[in-house]
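Please keep the sequence and the model in view while reading.

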Amino acid sequence: APVDESEPVVVTSEGGTTRERTLAMPATRRLARERDVDINDVPASEEREGEAFVTPADVEAYAESGGSAAERAN
Amino acid sequence: MGDITTGTDVVVIGGGPGGYVAAIRAAQRGLATTLVEKDHYGGACLNHGCIPSKAFITAADVADEAANATAMGVHADPEVDMGELAAWKDGVVDRLTGGVEQLCEANGVDLIEGTAAFEDEHTIRIAHGGEGQGMETVAFEQAIVATGSRPVEIPGFTFDDERVWSSRDALAAETVPDDLVVVGAGYIGMELSTTFAKLGADVTVVETLDDVLPAYEEDVSSVVRRRASDLGVDFAFGEGASGWEETADGRLTVRTETADGDESTYEADRVLVAVGREPVTDTLELDAIDLAPDENGFLRTDDRARTDLEHVFAVGDVAGEPMLAHKASAEGIVAAEVAAGENAAFDARTIPAAVFTDPEIATVGLTEAEAADAGFDPLVGEMPLRASGRALTMDETDGFVRIVAEADAGFVLGAQIVAPEASELIAEVALAVEMGARLEDLAGTIHTHPTLSEAVMEAAENALGEAIHTLNE
Amino acid sequence: MGDITTGTDVVVIGGGPGGYVAAIRAAQRGLATTLVEKDHYGGACLNHGCIPSKAFITAADVADEAANATAMGVHADPEVDMGELAAWKDGVVDRLTGGVEQLCEANGVDLIEGTAAFEDEHTIRIAHGGEGQGMETVAFEQAIVATGSRPVEIPGFTFDDERVWSSRDALAAETVPDDLVVVGAGYIGMELSTTFAKLGADVTVVETLDDVLPAYEEDVSSVVRRRASDLGVDFAFGEGASGWEETADGRLTVRTETADGDESTYEADRVLVAVGREPVTDTLELDAIDLAPDENGFLRTDDRARTDLEHVFAVGDVAGEPMLAHKASAEGIVAAEVAAGENAAFDARTIPAAVFTDPEIATVGLTEAEAADAGFDPLVGEMPLRASGRALTMDETDGFVRIVAEADAGFVLGAQIVAPEASELIAEVALAVEMGARLEDLAGTIHTHPTLSEAVMEAAENALGEAIHTLNE
Ligand SMILES: Cc1cc2nc3c(=O)[nH]c(=O)nc-3n(C[C@H](O)[C@H](O)[C@H](O)COP(=O)(O)OP(=O)(O)OC[C@H]3O[C@@H](n4cnc5c(N)ncnc54)[C@H](O)[C@@H]3O)c2cc1C
Ligand SMILES: Cc1cc2nc3c(=O)[nH]c(=O)nc-3n(C[C@H](O)[C@H](O)[C@H](O)COP(=O)(O)OP(=O)(O)OC[C@H]3O[C@@H](n4cnc5c(N)ncnc54)[C@H](O)[C@@H]3O)c2cc1C
């Protein structure tokens with residue numbers, strides 16, 4: 001797909017708090033839930049429609065780094 | 001049968017597309033699942049909504065197309081035997097409702113026929129239909145309420161006279177009325193007026209507003225209005241139905257009133273009232289679990305389909321707009337997965353919708369105005385069907401595909417399609433919206449020739465100023 | 001008219017979907033563009049391919065559906081007036097070819113009618129049709145060859161007898177032959193046999209192989225074969241057409257031979273030879289620019305649509321398989337953009353294809369076997385149409401949607417669809433393949449109910465082991 005690969009923008013939430021809204025493909029959203037990750041916490045490598053766009057790789061990376069929703073809640 | 005009490009992990013109340021899908025998914029996830037249905041498996045959708053209406057529409061279209069294809073050299077004088085059509089439609093419904101039952105059983109769902117009401121937070125009481133059928137109580141861990149909706153009545157038009165039709169009655173018709181008054185030009189009113197006009201009825205549509213399909217943009221609804229007019233449907237806009245009287249020969253005189261109080265009357269054999277649907281909660285005895293519907297009668301839910309009670313979910317029409325079968329099923333899946341302890345949520349960006357008029361309408365995401373309201377700089381592309389080779393070969397050139405994107409990076413925000421098969425064409429754009437696709441993704445995907453779906457690509461190209469088959473202003 | 005010489009940035013030779021699209025895009029990019037067409041704008045596709053065949057198919061379907069809808073209560077005895085159908089079809093073609101001309105002009109393309117041949121590396125000579133029309137030479141910077149293809153003749157069957165039809169002749173028919181022999185059960189042979197059978201011909205298909213549509217999987221082609229048989233089409237598999245004789249009453253006896261030398265004969269009024277198409281390069285005098293077609297007659301190109309000569313492009317049927325209009329147009333766009341100095345390339349991952357038989361077939365990307373051959377671990381999901389509510393309401397339950405993905409991450413690799421409107425349904429899967437979508441993306445996108453496109457979602461769910469309306473083994 002003709003995805004713009006020029007410059008990956010890293011959109012993170014301010015001061016560690018979560019974003020209110022995140023764009024992601026259905027499979028990514030599901031992956032996030034399966035990995036018990038809050039998609040609003042995942043650092044986004046892209047931006048779409050002016051908002052953070054999270055990819056499956058972003059979710060995997062974040063989950064690997066231990067940033068799970070369950071942990072955060074504790 | 002005396003009283004019995006059984007226990008289950010999840011009880012699902014209502015076997016429509018919200019409930020039966022929830023029950024199947026819950027069972028697939030290993031939960032002991034009981035589905036209670038008071039009437040027919042498949043709910044409004046399969047029994048007196050989506051399915052029977054589309055069966056009628058198919059037959060009406062086959063006859064209408066053959067009758068109006070002289071331009072292409074086809075000469076036919078089709079007759080529709082409404083009794084046979086009704087029987088075929090019933091067969092289709094039976095096959096699908098039977099299928100639902102089989103699928104439930106194959107997945108291990110327990111089926112109970114009867115009307116469920118809450119007794120306390122973890123018990124429902126089921127009244128079996130028919131005399132002497134008794135009661136049954138079921139203890140549950142979690143409940144999914146999927147009781148759906150029913151047609152709204154308006155003052156003066158109760159559905160107990162056989163001449164006053166709800167959409168359900170219209171879809172149970174065994175004969176075509178000579179004269180039919182349809183009250184309400186929403187999607188159900190328009191689908192059924194067009195269909196009955198094609199089946200031979202003289203149809204008059206009474207609508208308080210000044211156009212059909214008020215939920216849609218003017219250039220969308222006008223295509224459908226014009227086609228309905230061509231089919232002989234008369235419109236009485238700006239008039240509200242205020243009552244009816246029986247005529248000497250047993251027909252009806254429907255009275256209407258404008259906002260200024262001007263009265264008109266329309267004679268008919270039947271009057272179909274299609275002014276909306278209301279959620280069904282009154283059979284449930286919600287008091288017993290201290291749950292109350294909101295001011296519109298809906299059960300409020302969060303994105304996990306949970307009501308105010310942690311262990312009680314609500315899905316489908318009873319849980320709010322849009323009252324669409326596929327929204328009900330999508331919520332049913334979420335409720336079941338959450339009940340099974342999964343981290344599911346209703347996070348679809350968009351719910352497409354179709355109207356099966358002639359031509360069909362289908363929409364997804366934002367309109368241009370909605371996009372602007374949402375703060376986007378909207379970029380819009382269009383492809384009129386008269387420029388589509390496929391549409392010409394179908395002799396169906398009224399309509400268009402419009403794609404709405406945001407101007408910055410071209411992300412696709414929505415589409416409005418008025419075209420034959422619009423209901424199918426919208427799937428591609430729904431996927432585009434969910435995937436965060438850009439106009440270039442739609443334009444850069446090769447589309448089969450000759451198809452109507454090329455118009456989706458062309459509309460995207462038009463937005464980009466690069467269309468081949470339309471002029472880019 | 002005497003000789004004139006003009007100059008242009010780009011000359012496009014051939015006005016089919018490859019050439020006219022290339023010309024329009026080149027002009028849109030600001031290049032002085034000349035399009036030369038010897039015959040009719042729109043090429044094979046608009047004049048004697050995609051468009052007229054689909055026009056015939058529409059009319060045949062309208063009549064056939066009405067004639068066979070007694071199950072749903074529709075009674076009709078449609079007659080097709082083939083002369084009127086042909087006239088309507090011609091009108092559709094004229095409108096579209098006229099549209100192509102207008103679009104070219106509106107975009108500033110110079111149109112020249114005549115046959116182009118290369119004189120040297122930067123000059124073409126154009127012979128105008130008709131006597132005394134003279135010659136013209138055009139000097140060009142870059143050339144785009146889009147000369148298309150023509151039907152292949154087989155020994156013993158030259159197209160100069162009016163009883164021996166190419167697909168072009170079949171689509172110019174003004175009457176329906178009582179008995180029609182079709183040689184070749186590829187997609188053109190099958191589209192036309194089905195259509196002529198519906199229009200009233202007794203059709204026999206002769207095919208050297210042992211099934212129809214050899215390019216497709218057995219369970220795909222068998223749906224179409226069975227339906228064609230139901231329509232009365234007879235099949236003579238394993239037989240090759242070896243010749244024909246005139247009968248006493250001016251009809252034909254077509255002789256066939258098996259591999260073992262067994263002969264059979266079939267009487268007919270017309271024989272349609274549809275055994276393939278071959279690229280057209282012989283009108284071009286390629287010697288003058290030292291360019292030679294490959295062993296199959298195609299002009300070899302790179303992913304920028306360039307031939308061995310830096311400044312000569314080739315697009316469409318003349319540039320190789322798949323010989324499809326949308327592939328021609330996509331290549332035309334690339335050639336034009338590269339000619340304009342842009343960094344374009346033909347990088348579509350996949351080219352969908354449709355066969356407009358009954359039911360339609362549409363495919364995109366890889367089959368299960370192809371996926372395995374390509375080193376993937378294929379994960380396949382299916383939804384049979386008999387489980388689709390929409391298909392039941394259309395009384396069209398033969399067929400299925402199959403989605404092929406790779407098991408690791410679930411990336412969608414392809415789909416095979418046999419269904420009404422398959423040609424439209426494939427668009428969603430083509431977008432999925434281009435976007436690198438996963439099964440969850442298709443399954444997680446809400447699909448409108450009741451539609452056939454739900455079957456795409458269900459097939460994806462089936463692959464994931466999560467289908468609702470089919471059992472997941
Ligand atoms: C004419 C018409 C055409 C339509 N066409 C379309 C269309 O094309 N596409 C589309 O998406 N939508 C369409 N709809 C809307 C669609 O039918 C509904 O959105 C859908 O049926 C909602 O599903 P549900 O499961 O929420 O409720 P329902 O389908 O209404 O099912 C609720 C079920 O619960 C049962 N029930 C209620 N109370 C109890 C109780 N106390 N105990 C036991 N059982 C109970 C009812 O008997 C019913 O079977 C149409 C509707 C109509 C009327
Ligand atoms: C019966 C039939 C049905 C088909 N159905 C479909 C379908 O449904 N979908 C699909 O995608 N494809 C279909 N095709 C295939 C499709 O028609 C071709 O793939 C497409 O037309 C190729 O486009 P093109 O521009 O490469 O060549 P063409 O359309 O063949 O156009 C080439 C043009 O070049 C002109 N020309 C040739 N030599 C010269 C010269 N020396 N000087 C000037 N002009 C010249 C010719 O007159 C012609 O107009 C069908 C084909 C047939 C025969």
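Searching the whole structure turns up three cavities of 30 Å³ or more, where a cavity is a set of points, on a 1 Å grid over the protein atoms alone, at which a 1.4 Å probe fits but cannot get out, and lining residues have an atom within 4 Å of a point. The volume of the largest cavity is about 60 Å³, a volume being the space filled by probe spheres set on the points, which are joined across faces, edges and corners. Two elements each give two or more residues to the lining of this largest cavity, namely α11 (422-435) of chain B and α11 (422-435) of chain C. Among the lining residues are Glu424(B), Leu425(B), Glu424(C) and Leu425(C), and Val456(B) also belongs to them. By class, the lining comprises five nonpolar, two polar and four charged residues, with Ala, Val, Leu, Ile, Met, Phe, Trp, Tyr, Cys and Pro counted as nonpolar, Asp, Glu, Lys and Arg as charged, and the others, Gly among them, as polar.

This is a predicted model, in which local features need pLDDT of at least 70 and side-chain atom pairs count only at pLDDT 80 or more, while totals for chains, interfaces and linings use all residues. Residues are numbered from 1 along each chain as its sequence is written, chains are lettered from A and ligands numbered from 1 in the order in which they are written, and side-chain values use heavy atoms, with hydrogens and water left out.

In chain B, five strands make an open sheet with parallel pairing, in the order β10-β17-β11-β12-β13. Because β10 (164-165) and β13 (234-237) of chain B each have a single partner strand, they stand at the edges, and one side of each is left without a neighbour in the sheet. Helices (H or I, at least four residues) and strands (E, at least two) are DSSP runs numbered from the N terminus, and two strands pair if DSSP finds at least two bridges between them.

| Strand pair | Sense | Bridges |
|---|---|---|
| β10(B) and β17(B) (residues 270-273) | parallel | two |
| β6(B) (residues 115-120) and β7(B) (residues 123-127) | antiparallel | five |

Val164(B) stands opposite Val271(B) in β17(B). A hairpin of two residues joins β6(B) to β7(B), and Ala117(B) has Arg125(B) in β7(B) as its bridge partner.

Over all chains, the structure holds two disulfides, each a pair of cysteine sulfur atoms within 2.5 Å. Cys45(B) and Cys50(B) form a disulfide with their sulfur atoms 2.5 Å apart, and the torsion about the S-S bond of Cys45(B) and Cys50(B) is about -125°, so this disulfide is left-handed.

Terms used:
On a 1 Å grid over the protein atoms alone, a cavity is a set of points where a 1.4 Å probe fits but cannot get out, and a pocket is an open set with protein on both sides within 12 Å along at least five of seven lines; lining residues have an atom within 4 Å of a point.
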